[in-house]
Amino acid sequence: MTSTTHNDTKQAVQSFWLLGLLNNAPWVLMLACATNISSGGVALVFLANQAPGLLTKLTAPCWFHKVSYRTRMKMASLAMGVACFLVGCGGLFNDEMSSTEGDDGEENNDQSDDNNTTRAQLGLMLELLGVSFTSFQCSLGEASLLALAGKFDSSLLPQLSSSSASGSLSLDSYSAVDNDNSGRLESHNYDEGLFSHEEYPEHNNTHANDDDDEQSTSEGILMKSEKQQRKCITAFSSGTGCAGIVGYAYKSLLSELFGWGLSTIVWSAILFAVAYYRTFCAGLYEMDIRLEEAQTRLDNERCASSAEAEELNGTAAAAAEQRSSLEMVTQPQDEEGNDSPTLLPQLSSELTNTTTKSVHHMTACERFQTVLSLWPYTIPLFFVYMTEYMMQAGVWPAIGFPVTSASARGQFYHYANWTYQVGVFVSRSSGNMFTVSLTMLWVMPMLQLVNLCLFWLISVHHFWYDYSLLIMCFVVGLLGGGVYVQGYNRINADMPKELREFALSSASVADSVGILVADISSLFIQSCIYQRNGIDGAVVNCPL
């Protein structure tokens with residue numbers, strides 16, 4: 001790999017990591033400031049920080065393909081800045097209200113109370129509106145950057161390595177993990193599921209010796225591309241995992257060490273918006289344009305070479321038959337039981353009618369069917385987020401040593417979330433280290449359900465009741481982050497190339513739905529645990 005190639009790859013990976021951090025840090029910051037925004041209605045903050053983002057992801061398949069990445073990132077950056085400005089203004093209203101309390105005489109008490117109530121309501125409205133902009137920004141940025149990371153991994157970065165790819169092959173891929181027949185791997189040195197002979201029928205001609213050499217070179221390039229397919233998605237996932245730590249640390253550092261108030265803290269975060277858009281433009285946008293132009297030139301050269309080869313190899317009918325065979329790379333298993341070139345035959349069958357056309361030319365019904373066909377990935381994402389946020393919002397706030405102490409419960413909740421965020425960061429950074437099968441992707445959410453049941457039993461029966469529980473909080477973070485990075489990497493590896501960006505942005509709705517379901521369910525989970533432990537203060541009544 002040349003120095004330029006190495007630098008470009010390094011720049012892309014670093015940019016995606018930093019964008020993941022900057023994309024999610026304001027979202028986490030708003031959650032960290034929830035009690036400052038509305039001490040008596042934290043649920044309102046959580047709802048405002050989730051609902052607009054969910055709506056954005058739900059509608060993404062209808063309009064993302066019509067709006068460029070640069071425009072979407074402009075929208076996200078602007079929304080981030082507006083969010084911080086509005087929350088800061090709302091906090092300023094509350095600060096002014098607090099400073100005027102007790103300054104008025106008794107004759108003006110009624111009028112003062114009315115003014116304070118009006119100011120409080122206006123401040124809360126501005127703060128919640130700002131939090132809603134943060135939700136929109138985070139979801140728009142996440143869905144867009146996941147899709148762009150998939151594009152870099154599967155289309156752009158392989159260009160950088162293909163010219164220097166060697167014949168050494170690697171089986172470190174999802175294809176190899178999913179292939180149960182090791183004999184086939186040993187005989188072909190690559191997985192037939194994704195890169196099979198059927199995908200390259202032009203290799204099967206009378207020039208056997210020359211084609212064997214070309215095929216060997218092609219295999220090396222393909223396997224090199226597959227090896228590199230996880231770098232950008234993993235970098236973005238790692239950055240989002242680190243955002244959880246940075247967001248809470250940012251608020252704690254500025255409030256406790258420097259004594260800053262809510263307004264000053266969130267106004268300072270406007271710098272995140274500037275860095276966010278600047279990182280995208282300098283780190284990714286220019287590289288994307290340059291590599292796209294290089295790919296266009298390469299495609300034109302290949303078309304010219306292919307035309308010359310067709311003239312030398314036979315008649316126009318033979319050339320037409322060859323082109324027809326090249327278009328069959330995404331077809332599912334045939335009636336005679338021949339191996340399908342796709343990694344997931346059942347998924348390929350559902351996408352047969354759409355993979356041969358661009359997302360721009362798909363009907364709304366076809367896009368909806370494509371989104372539904374992502375269920376092998378979205379169900380694990382939904383389930384793991386639902387269970388871990390039930391623990392975060394429902395069970396952990398009801399654990400403390402002793403449980404009857406509100407300060408003890410708050411302390412455990414604080415440490416549990418910090419430990420959880422560390423686990424998320426570690427696992428989301430591991431996408432380049434190993435791969436998991438689709439079966440294991442479904443097993444991990446089941447293990448998360450076991451963790452939920454374990455914490456529920458502990459919160460009620462107190463049979464393991466000390467700070468060593470933080471070990472399990474770390475495990476919860478590992479499982480949640482693992483499903484996130486492995487799930488999106490699998491989508492990028494398994495889906496047909498022309499649908500990868502669309503699939504990555506559309507699948508991101510699963511975690512938002514899981515969080516929303518968990519937030520609602522957690523109100524009742526916490527209430528029931530409070531009831532079993534004789535604690536007052538639950539917002540709703542336990543239905544059990």
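Biologist: Why does Phe401 count as partly exposed?

Modeller: This is a predicted model. In it, Phe401 has 23% relative accessibility. Buried means under 20%, exposed means over 50%, and partly exposed lies in between. So Phe401 counts as partly exposed.

Biologist: What makes Tyr467 partly exposed?

Modeller: Its relative accessible area is 32%.

Biologist: How many aromatic pairs does a search of the whole structure find?

Modeller: The search finds 16 aromatic pairs.

Biologist: Why is the pair of Phe401 and Tyr467 called edge-to-face?

Modeller: The ring centres are 4.9 Å apart, and a pair needs centres within 6.5 Å. The planes meet at 75°, and over 60 degrees counts as edge-to-face. So the pair is edge-to-face.

Biologist: What makes this pair a tie between parts of the chain?

Modeller: Phe401 lies in the loop between helix H16 and helix H17. Tyr467 lies in the loop between helix H18 and H19. The pair therefore ties together parts that are 66 residues apart in sequence.

Biologist: Why is the pair of Phe412 and Tyr467 called tilted?

Modeller: Here the centres are 6.3 Å apart, and the limit is 6.5 Å. The planes stand at 45°. Under 30 degrees would be stacked and over 60 edge-to-face, so this pair is tilted. Phe412 lies in helix H17, and the pair ties together parts that are 55 residues apart.

Biologist: Is Phe412 buried or exposed?

Modeller: Phe412 has a relative accessible area of 0%. Buried means under 20%, so Phe412 is buried. Ring pairs link Phe401, Phe412, Tyr415, Tyr465 and Tyr467 into a cluster.

Biologist: How do you know that Glu142 forms a salt bridge with Lys57?

Modeller: Their closest N and O atoms are 2.5 Å apart. The cut-off is 4 Å, so the pair qualifies. Glu142 lies in helix H6 and Lys57 in helix H4, so the pair ties together parts that are 85 residues apart in sequence.

Biologist: Are Glu142 and Lys57 buried or exposed?

Modeller: Glu142 has 6% relative accessibility. Lys57 has a relative accessible area of 2%. Both values fall under 20%, so Glu142 and Lys57 are buried.

Biologist: What makes Lys57 and Asp511 a salt bridge?

Modeller: The N to O distance is 3.2 Å. Lys57 in helix H4 and Asp511 in helix H21 are 454 residues apart. Both Lys57 and Asp511 are buried.

Biologist: Why do Asp494 and Arg490 count as a salt bridge?

Modeller: Their side chains meet at 3.1 Å, N to O. The limit is 4 Å, so they count. Both lie in helix H19, four residues apart, about one turn of the helix. By this rule the count comes to three salt bridges.

Biologist: How do you know that the charged end of Arg428 sits over the ring of Tyr484?

Modeller: The charged end of Arg428 is 3.7 Å from the ring centre. The distance limit is 6 Å, and the charge must also be within 35 degrees of the ring normal. The pair is listed as sitting over the ring, so it meets both conditions. The charged end of Arg72 sits over the ring of Phe64, 4.5 Å from its centre.

Definitions and conventions
Residues are numbered from 1 along each chain as its sequence is written. This is a predicted model: local features need pLDDT of at least 70, side-chain atom pairs count only at pLDDT 80 or more; totals for chains, interfaces and linings use all residues. Side-chain values use heavy atoms; hydrogens and water are left out. Helices (H or I, at least four residues) and strands (E, at least two) are DSSP runs, numbered from the N terminus. Buried means under 20% relative accessible area, exposed over 50%, partly exposed in between (1.4 Å probe, protein chains only). Rings of Phe, Tyr and Trp (its six-membered ring) pair if their centres lie within 6.5 Å; planes under 30 degrees apart count as stacked, over 60 as edge-to-face and the rest as tilted.
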